[in-house]
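Student: I'm new to this structure and would like a close look at a single part. Could you walk me through the place where the chains meet?

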Protein chains: 4
Amino acid sequence: MQIENKSPGKDVTEDDLKTKFPLAARQKPGHRSRFTVAGVEFGGDLIPVFAGPNMVESEELIVTTAIAVKERGAHFLRGGAFKPLTFPYRSASYRETREQGIEWLKTAKREAGIPIITEVMEERYLDLVCEVADILQIGSRNMQNYPLLTAAARTGKPIMLKRHFGCSLRDWLGAAEYLLVENNPRVILCERGIVAPHTHRASSRFLMDLQAVPAARELTHLPIACDPSHATFWRPWVAPMALASVAAGADAIMVEVHPDPQNAAVDPLQPIDFDAFAGLMTSMHRVAGAVGRHILQENPS
Amino acid sequence: MQIENKSPGKDVTEDDLKTKFPLAARQKPGHRSRFTVAGVEFGGDLIPVFAGPNMVESEELIVTTAIAVKERGAHFLRGGAFKPLTFPYRSASYRETREQGIEWLKTAKREAGIPIITEVMEERYLDLVCEVADILQIGSRNMQNYPLLTAAARTGKPIMLKRHFGCSLRDWLGAAEYLLVENNPRVILCERGIVAPHTHRASSRFLMDLQAVPAARELTHLPIACDPSHATFWRPWVAPMALASVAAGADAIMVEVHPDPQNAAVDPLQPIDFDAFAGLMTSMHRVAGAVGRHILQENPS
Amino acid sequence: MQIENKSPGKDVTEDDLKTKFPLAARQKPGHRSRFTVAGVEFGGDLIPVFAGPNMVESEELIVTTAIAVKERGAHFLRGGAFKPLTFPYRSASYRETREQGIEWLKTAKREAGIPIITEVMEERYLDLVCEVADILQIGSRNMQNYPLLTAAARTGKPIMLKRHFGCSLRDWLGAAEYLLVENNPRVILCERGIVAPHTHRASSRFLMDLQAVPAARELTHLPIACDPSHATFWRPWVAPMALASVAAGADAIMVEVHPDPQNAAVDPLQPIDFDAFAGLMTSMHRVAGAVGRHILQENPS
Amino acid sequence: MQIENKSPGKDVTEDDLKTKFPLAARQKPGHRSRFTVAGVEFGGDLIPVFAGPNMVESEELIVTTAIAVKERGAHFLRGGAFKPLTFPYRSASYRETREQGIEWLKTAKREAGIPIITEVMEERYLDLVCEVADILQIGSRNMQNYPLLTAAARTGKPIMLKRHFGCSLRDWLGAAEYLLVENNPRVILCERGIVAPHTHRASSRFLMDLQAVPAARELTHLPIACDPSHATFWRPWVAPMALASVAAGADAIMVEVHPDPQNAAVDPLQPIDFDAFAGLMTSMHRVAGAVGRHILQENPS
């Protein structure tokens, strides 16, 4: 009877650390990358926050939101001018704004004085997206689009690599290695929910995998972000899971914020409004303090 | 084409709340049960902690541990004299101590002055277990052993119902209803890890489902405990997931503590030692404070 | 960095075969148990079929069905007088018939001349159930109710052990070992659907794991049955998955048959009627023939 | 309490059929697309077989295999000159042969007189791949690479769309709609294994989802292929799962065949050799006959 075999499975082995993703692998306990993007440090005591709408719907929306989240302590504005849509048909509200959206992001960046993280989906738009992006986001559906990873890494821009909802840590670190091997060390991982037997609501498709935070920490020195908005897909769960992410050791938090969540062009069940965001920043800062880290510049009242 | 149907599925519906588990169902936002067990309040600002070994291996072990965890702030001693074992063969170390174990628990309770939570697996041992238990634990493998649930509920003892690793919130609340319908209102739910596509280590069988905390909160007024030890099955992940549980809104924490973890009779990869437990209590208390709750009597230094 | 460890995980190891379930483990390729129950051979070329309603609703229902499925080639009548129900409240139609149901099964057995497979849920009813059962069924929710397994095995009756929907093959074979260690060699395993990220309908809770058939075959000599009715929970998928089970190498098939499926007391979405069953028997027999096995006595036209 | 909501979840709704993928949706029971590729009909009684190595390793390998599988009844040669690799480092054996591989495929096609199915991963190589491909394969990792889907569909070539291992039927049919909306009706779906809690071997990462065959049949008129080699990742399970696929109603079968499986450049645990393939073709043809379909031209002995 032959049961064991040498073939790679679901879990990371010692050999993987040495031969499959040596650049992503942690060299020893406590080894953690630190780097700075737009003056904001990643991998240290600060837990940077990325906030903003799912899609760059209009100039007014994105500028208003940029100013609001900046005032409330966010370190980066998030928002997509490009976004994969599960079905090919578009309504007026549910569409990518593409070149126009990139222009609006530039305006928001300038008006609010906040750096930008935004998604790139195709190599052909890489130059355009790089005009405004301080961090390039690779979305979960493109995590294993290796030609895109290579091209994005070669721009030299910092990259946030979202974990695919069906992928293991082994797959994720393999994808990160495609970035690092291009001599681009500023890579941030981002957990955003996985497929699982139970996701708790008819509308929720993903389960937030917070266990991945300590598990990935054990394997890699790269900063690990969490996106509770896409993971939970349900507004009331965003705050508890954001706080839990901070407590579990996340190095950055991405949260979807919209001035009028019910009327968001996509996924209106998940964004929080400006007031909720302000409250969440205060709460996250308190939890961060409890684990020896911080989010806001000053102590909240 | 007929797609929708009336049959129950994986997720909770409005109708379930009214007809399937009306006693477990939350009546309105903010509705939360509060009750007291052995002078410790559940469902309020305090987050009680259950600590101790997986199995009651010896009198010395359980008495020593009872005193140690009590000193470090634990509210209840946990430890099983009865425990389901996946395979029928027993080594000397890996066995249930049963009647003897119950006696040792009595000694520990008396010597340390700490209440007890311990598992019951069979109706025939219910009277015996009730001699020492302040809270009866129904293990995950018995979550849907309805005759056992009914018999346990009829003792009037408070019951902690662990979620089965393959069960939905709907199944879990259905099982809780079997307890409540016997006029036993002191029911605590406990999340302890579920089966999932990725559990991150070859030895880990479960993924901690912290999303279940806000999701169950939305449906039920019952207190929700978390057991990061059994969920993660890996010592280094216990502390981050315990802290995350507190931040996510857990109402109680169960954690496995052993004076000599590497030599624990079962599951030696998961318990933490007394020093680690002391540190964890302090950290959990800090996180609890950040979300308006508390664990220890006084503030930690 | 320490990654590998000796602790048991999700998958079966060589050591498990030797020390955890040596009686259930296959001794060499091709090793397969053969035994006879009520004159019907298991583990050989014949693929016995268990057919009947989910619950023994009434005497008329069970007698009529017994005669009908016997005429169409079924080898055993299935039907539960005891059945775990997810919620504690009962309607007139949705209830266990218990002692009365056992009497009705006796009538059906006598009138139709067909052996019986039926579930036992509690040790206290074991003698009663044994009065009529030729095979005791342990339901999936009781797969790890080890005291029940031990008591059932000691009756000497053949036992069909359904796989729990959250359990691995390792857990399942461990449970089977609890039966075998009591010197009861007539054990049949039964796959009946597992929890999985995608189950394809809002009402479907399980995914049929047909890969478990060749996978379990690799590990054990015990016959492996499949229950496509409970696995799919959806009538139109029962026939294709029953045929696929036969082609994958299943050693027995359990299928839910009801004279009036839409009005079945429980789970009305899954049973097939007598005509559909007749057609399915012919189709299964053809597929069985294609893989060198058979179901019916004579060749279908 | 608000539980239900209008937001899309995991499962297909009536509305999805009408507005999200009206072209992929089945119009009524029994509605099934039929079309011909290189003289081979899809969607009818014939079940075409795609056979060949995972990667086009060398000219000799691919020509030899093309002749061998053609002689044994395969309808198409499969083999990748482009293939996503989970890690960026390449050994001599484990590499894409790209332009050279395409040339070798041309030779194999000419020498063996067999049409070709091969993967395309990037728009930039689409023209090159189309020089030899009779069917373009979109791999599972690119299932939601919508720009690639659109570009591939515009070539007018038939396309086989592999299901992503983390995606629902809803996501899959949404991706198919991206192809159909470009007026390319010759689309084949292919199930190739999904992530699941239990995959049965330390080396197996996927669980074959055969339930998806009847489930997808209920929703779409498109032919549904199955790939038991990639699904099981384990040679001994390929034949039983291929036979089960045919019995479940699959419209095409993809199977990995290599002259020297143990020395295959990638995934050496999964291919079968020429003799095993010959036996499998005979067995599959027999099972096909049992469900009213066929694979080989003549009856096997």
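Tutor: Happy to; let us look at the contact between the chains, and then at a helix beside it in the tour. Keep in mind that this is a predicted model.

Start with who takes part: chain A gives 39 residues to the contact, and chain B gives 39 residues as well. On the side of chain A that touches chain B, the elements giving two or more residues are helix 7 (212-217), helix 9 (235-248) and helix 10 (274-290). Helix 9 of chain A supplies the largest share, nine residues. Sorted by class, this side of chain A has 25 nonpolar, eight polar and six charged residues.

Next, how are the chains arranged? Chain A superposes on chain B by a rotation of 180° with 0.0 Å of shift along the axis, and the RMSD is 0.0 Å. This is the relation of a two-fold axis. The residue of chain A that comes closest to the rotation axis is A:A244, whose C-alpha lies 2.1 Å from it. Because 100% of the interface residues of chain A are also interface residues in chain B, the copies meet through the same surface.

Now turn to helix 6 of chain A. The buried residues of this helix pack against several elements of chain A, among them helix 7, which also gives residues to the side that touches chain B. Twelve of the twelve residues of helix 6 are buried, including A:W172 and the charged-class residues A:R170, A:D171 and A:E177.

Key: Residues numbered from 1 in each chain as written. Chains lettered and ligands numbered in written order. Predicted model: local features only at pLDDT ≥ 70, side-chain atom pairs only at ≥ 80, totals over all residues. Contact = placed C-beta atoms within 7 Å. Helix = DSSP H or I, 4+ residues; strand = E, 2+ residues; numbered from the N terminus. Least-squares fit on C-alpha atoms with pLDDT ≥ 70 in both. Buried ≥ 20, exposed ≤ 12 C-beta atoms within 10 Å, placed from the backbone.
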